[in-house]
Amino acid sequence: MNIVTLGVNHKSAPVEIRECLAFAEGAIPAALQQLRQQVGLQESMILSTCNRVEIYGTCDDEDETREKLIAFITSFHDLPAARFADNLYYFTNREAVQHIFRVASSLDSMVVGEPQILGQLKEAFALAVDQQTTGLILNKFMHRAFSVAKAVRTKTKIASNAVSVSFAAVELAKKIFDDLGDKTVMLVGAGEMCELAARHFITQGVKQVLVTNRTYQRARQLAEEFNGHAIEFDDFHNQLDRVDILLSSTGSPTYIINPRHLIPALKKRKNQPIFLIDIAVPRDIDPATNDMDGIFLYDVDDLQEVVAENIDQRKHEADRAEALVDHEVDKFIAWIESLQVTPTIKALRRMAEEISQQELKKTLAGLPELTSKEQKKLEAMTRAIVNKILHHPISCIKEQAENGNQLPVEIIRQLYNLNQASEDLEQE
């Protein structure tokens, strides 16, 4: 039995290839059934996100399966193999296990440490379970992958630092204000960056959001999205005293916030601080405001510097995470190898039990005076002897198999002539 992974990701294929190979969620159930029928995968699941499309499975012949998987993708997406074959990666066994553990732990993500991939992996697994295309191996495998991902997040700081400008702004605000729950945020502009930052602020507990934009209708739309309030652009300077955190991202060619706008606001606030985040280029806020007491101004370069430092920190933590993953890969591979001794253990136990039952039957036939209670005691003693005799050899071959040593298994099979017994078990 082999574990295999075939796929493309943001590193191996451009978006025009990934989007052609992506599986719509509604199409995955049919695809999983085809993987069983056409490719012959014993177990399978499909992970399809904007950054990766991957098929996980178990099979007997890894080389033959690769060719069948490529043929399946070609047929399913009606796409010539020559269009995507060079972008594919194919991992088997240890490499496949390591790859999926790294995917679950977000070590293979575009933004290392981002948490979304684990949720996407869990959804893909749930869908495969629902379609009954997983079994002993993938069930154990994916649950172990989820545990590895959790260990990486709890034992390292791989996800603790912001690596986007909008999230870095929120992290800085948390350093200035211990609690964001009672703070008021004003968004000046209603573009994507403002919207994204607003989502981060809401996630961190901010309840009051004000939105202003040159187009009032757009400001109102965005405000409604966050249960906030829209403000006319011509009036927002008069509302600055209400604001604890201001994030500005407009297309203005000149400064729209100057010290003269903030002086009266600070006076009304009795010098309570205001955190200004300017992510516009050209800048919206006069840098001179940063010299004012009670004003904390960060522009996009400041935030990108924070992001760069955090990315470096994540790289350092990623090295620690890789070591954790490697350790867990070793443990899982040992478990897989231990499965290979199961037929031998079954055959050995069956042989011993059959012999003991035959001898017990002969013995009981010669002792008709035994009561039913005495016969049961004799049967129990026979089972106990078999278990005690088998305990050490079974423990030994399991332990050796987990260490990659199959020699004890072969010796036991030869000593007890178990090959025929295993064939009988398989036929059953």
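**Bridges, contacts and surface**

Mentor: The disulfide count is zero. Keep in mind that this is a predicted model.

Trainee: Pick one residue. What does Arg-52 pair with?
Mentor: One partner of Arg-52 is Glu-54, with the closest N and O atoms 3.0 Å apart. Arg-52 also forms a salt bridge with Asp-108, and there the closest N and O atoms are 2.9 Å apart.

Trainee: Which residues are in the network with Arg-52?
Mentor: Salt bridges link Arg-52 in a network with Lys-11, Glu-54, Arg-102, Asp-108 and Glu-322.

Trainee: Give me another bridge. What about Arg-269 and Asp-244?
Mentor: Their side chains meet in a salt bridge, 2.8 Å from N to O. Arg-269 lies in the loop between helix H11 (259-268) and strand E9 (274-278), and Asp-244 in the loop between strand E7 (229-232) and strand E8 (245-248), so the pair ties together parts 25 residues apart in sequence. Arg-269 counts as buried at 11% relative accessibility. Asp-244 is buried as well, with a relative accessible area of 11%.

Trainee: What does Lys-183 touch?
Mentor: Leaving out residues up to four places away in sequence, Lys-183 touches Phe-177, Val-206, Lys-207, Gln-208, Asp-244 and Ile-245. Lys-183 sits in the loop between H8 and strand E5 (184-188), and is buried with a relative accessible area of 17%.

Trainee: And how far is Lys-183 from Lys-373?
Mentor: The two are 80 Å apart in space, C-alpha to C-alpha, and 190 residues apart in sequence. For another pair, take His-327 and Val-148: they are 179 residues apart in sequence and 9.8 Å apart in space, C-alpha to C-alpha. His-327 is in helix H12 (residues 300-339) and is partly exposed, at 48%.

Trainee: Switching to Thr-156. Where is it?
Mentor: Thr-156 is in the loop between helix H7 (136-155) and helix H8 (165-176). It is buried, with a relative accessible area of 7%.

Trainee: Which backbone atoms does the side chain of Thr-156 approach?
Mentor: A polar atom of that side chain lies 2.6 Å from the backbone oxygen of Val-152. The backbone nitrogen of Ile-158 lies 3.3 Å from a polar atom of the Thr-156 side chain. Not counting residues up to four places away in sequence, Thr-156 touches Ala-151, Glu-317, Arg-320, Ala-321 and Leu-324.

Trainee: Last topic, the surface. Which residues form a nonpolar patch?
Mentor: Leu-407, Ile-411, Leu-415 and Tyr-416 do, with about 430 Å² of accessible area together. Leu-415 is in helix H15 (residues 407-416) and is exposed, with a relative accessible area of 64%.

Key: Residues numbered from 1 in each chain as written. Predicted model: local features only at pLDDT ≥ 70, side-chain atom pairs only at ≥ 80, totals over all residues. Heavy atoms only, no water. Patch = residues over 30% accessible without salt bridge, like charges linked within 9 Å, V, L, I, M, F, W, Y side chains within 5 Å. Areas by Shrake-Rupley, 256 points an atom, 1.4 Å probe, with all protein chains shown as cover. Salt bridge = Lys/Arg side-chain N within 4 Å of Asp/Glu carboxyl O. Helix = DSSP H or I, 4+ residues; strand = E, 2+ residues; numbered from the N terminus. Buried < 20%, exposed > 50% of the residue type's maximum accessible area, 1.4 Å probe, protein only. Disulfide = S-S within 2.5 Å. Polar contact = N/O pair within 3.5 Å; in protein donor to acceptor, adjacent residues only side chain to side chain. Contact = heavy atoms within 4.5 Å.
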